[in-house]
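This report describes one protein structure for a reader who has not seen it before.

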Amino acid sequence: DPQQLELATSGKRKLRRFVVIDEVVDKLYGSKVREYFEENNVQHKILALPTTEETKSMDLVLSILQEVQKFSIDRRTEPIVAIGGGVCLDIVGLAASLYRRRTPYIRVPTTLLSYVDASVGAKNGVNFLQCKNKLGGYTPPVASFLDRSFIQSIPRRHISNGLGEILKMALMKHKGLFDLLKSHGKYLLDTKFQSYSGPANHGDAALQTTRIAIETMLEELAPNLWEDDLDRLVDFGHVISPELEMRVLPSLMHGEAVNIDMAFMTYVAYVRGLITAQEKEQIIQCMRGLELPVWHGGCSWALIKKALMERLKHSGGQPRMPLPTGLGIAEIFNDTSEETLERAYKLWVMD
């Protein structure tokens, strides 16, 4: 709205921002954020919170909203800003969508996983009754600001965790991205996705990898933002993993649980004859190269069966199982028998 824009920039009214920042990010970058607002003469409230899977609850959403109410923001011209990983962005997105029915918000992802995954799309939510993201909605942010310099301060395991979601898009949609991960995976881990004009053979692998991952994610999400169509390739790695991740908290991170699911589904695709033994090995070796787990003791046959039952409830009575049919190509299947799944599970466990 041009009038609102003029009002916001005319200086007639002091700019105000309510910011929710993950407490770990606040320790590292909070002083820079405060300095930025002070330099630009922006009245601000910065709320630093522990945003983890264990704290990802409606209680935390309500505590954010109490502070928003105290600060008193304009529902159209003063977006709430979320600075943190995927959990932080999810929680703040839900809080913003509830306040005055829809208050705009901005996502600033600070982990690799949130950079390529939570920053894109409309979903937000919290865990409820030990179920992952059981409460939530679809309210896209007004903007996502992407800055890879945040990623240089996260631990190596978190980089690997984000690579799990990037590999998902590579296996489903983009052979070129898969080749990039195979060739440059260790380099990306070592350099923490920073761009260097170093060895020519690496090019700008960090920029290429993140750009392709985000573009392929947008290709999938944009035409189906509100999930009217439940056949979604982006659900690869998300059939078994929600149950596994919540069962073994906090021992697995999200991208790690997704990768374990993808490893099992790679065996399912192989047993069904959709991929060759060589392609299966290439995928598993790429996962290992990215330092991702390809197995977890908590992923029992009983858990898989329970997860598949939950999947049927969640997906309109069909399993809607995305499976690779080659490297970088995939289809969704509804006809995988329990016998096939069990054979794949036994082979996976044996390997």
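## Salt bridges

The structure holds 27 salt bridges, a salt bridge being a side-chain nitrogen of Lys or Arg within 4 Å of a carboxyl oxygen of Asp or Glu. This is a predicted model, in which local features need pLDDT of at least 70 and side-chain atom pairs count only at pLDDT 80 or more, while totals for chains, interfaces and linings use all residues. Residues are numbered from 1 along each chain as its sequence is written, and side-chain values use heavy atoms, with hydrogens and water left out.

Helices (H or I, at least four residues) and strands (E, at least two) are DSSP runs, numbered from the N terminus. Both Glu 53 and Lys 132 are buried; buried means under 20% relative accessible area, exposed over 50%, and partly exposed in between, with a 1.4 Å probe and protein chains only.

Two other salt bridges lie within helices. Glu 165 and Lys 168 meet at 2.8 Å, N to O. They are three residues apart in helix H6 (residues 156–173), so about one helical turn separates them. Glu 165 is buried, and so is Lys 168. In helix H7 (residues 175–191), Asp 190 and Lys 186 are four residues apart, about one turn of the helix, and their side chains meet at 2.7 Å, N to O. Here Asp 190 is partly exposed, at 42% relative accessibility, and Lys 186 is exposed, with a relative accessible area of 53%. There is also a network of salt bridges, which links Lys 123, Glu 227, Arg 232, Asp 235 and Arg 311.

## The parallel sheet

An open sheet is formed by five strands in the order S2-S1-S3-S4-S7, with parallel pairing. Two strands pair if DSSP finds at least two bridges between them. S2 and strand S7 (143–144) are the edge strands, each pairing on one side only.

Strand S1 (residues 16–22) pairs with strand S2 (residues 43–49) in the parallel sense over seven bridges, and Phe 18 stands opposite Lys 45 in S2. From S1 the chain crosses through helix H2 (residues 23–39) to S2, and this β-α-β crossover is right-handed. That term applies if, with the strands pointing away from the viewer, the path from the first strand over the helix to the second runs clockwise. S1 is also joined to S3 by four bridges, and the two run parallel. On that side, Phe 18 stands opposite Ile 80 in S3.

## Nonpolar cores

Which residues touch the most other members of the largest nonpolar core? They are Leu 167, Ile 240 and Phe 264, in a core of 71 residues. A nonpolar core is a set of buried Ala, Val, Leu, Ile, Met, Phe, Trp, Tyr and Cys residues joined through side-chain atoms within 4.5 Å. Helix H10 (residues 254–271) gives the largest share of this core, 11 residues. The core lies between domain 1 (14–151) and domain 2 (155–223 + 231–350), because both give residues to it; the domain bounds come from an automatic or database domain assignment.

Leaving aside residues up to four places away in sequence, Phe 264 touches Ile 240, Ile 304, Leu 341, Ala 344, Tyr 345 and Trp 348, where contact means heavy atoms within 4.5 Å. Another core, of 25 residues, lies apart from the largest one and has Phe 18, Leu 47, Ala 82 and Tyr 105 among its members.

Helix H9 (residues 241–248) is mostly covered, with six of its eight residues buried. The buried ones are Ser 241, Glu 243, Leu 244, Glu 245, Met 246 and Val 248. Their cover includes strand S5 (123–128), strand S6 (131–138), H10 and helix H12 (301–314).

Pro 250 is found in the loop between H9 and H10. A cis peptide bond joins Leu 249 to Pro 250, with omega about 0°.

## Positive phi values

Most residues other than glycine have a negative phi, and most peptide bonds are trans. Ser 72, although not a glycine, has a positive phi of about 65°. Ser 72 is in the loop between helix H3 (58–71) and strand S3 (80–84), and is partly exposed, with a relative accessible area of 43%. Glu 291 also has a positive phi, near 60°. Its place is the loop between helix H11 (277–289) and H12.
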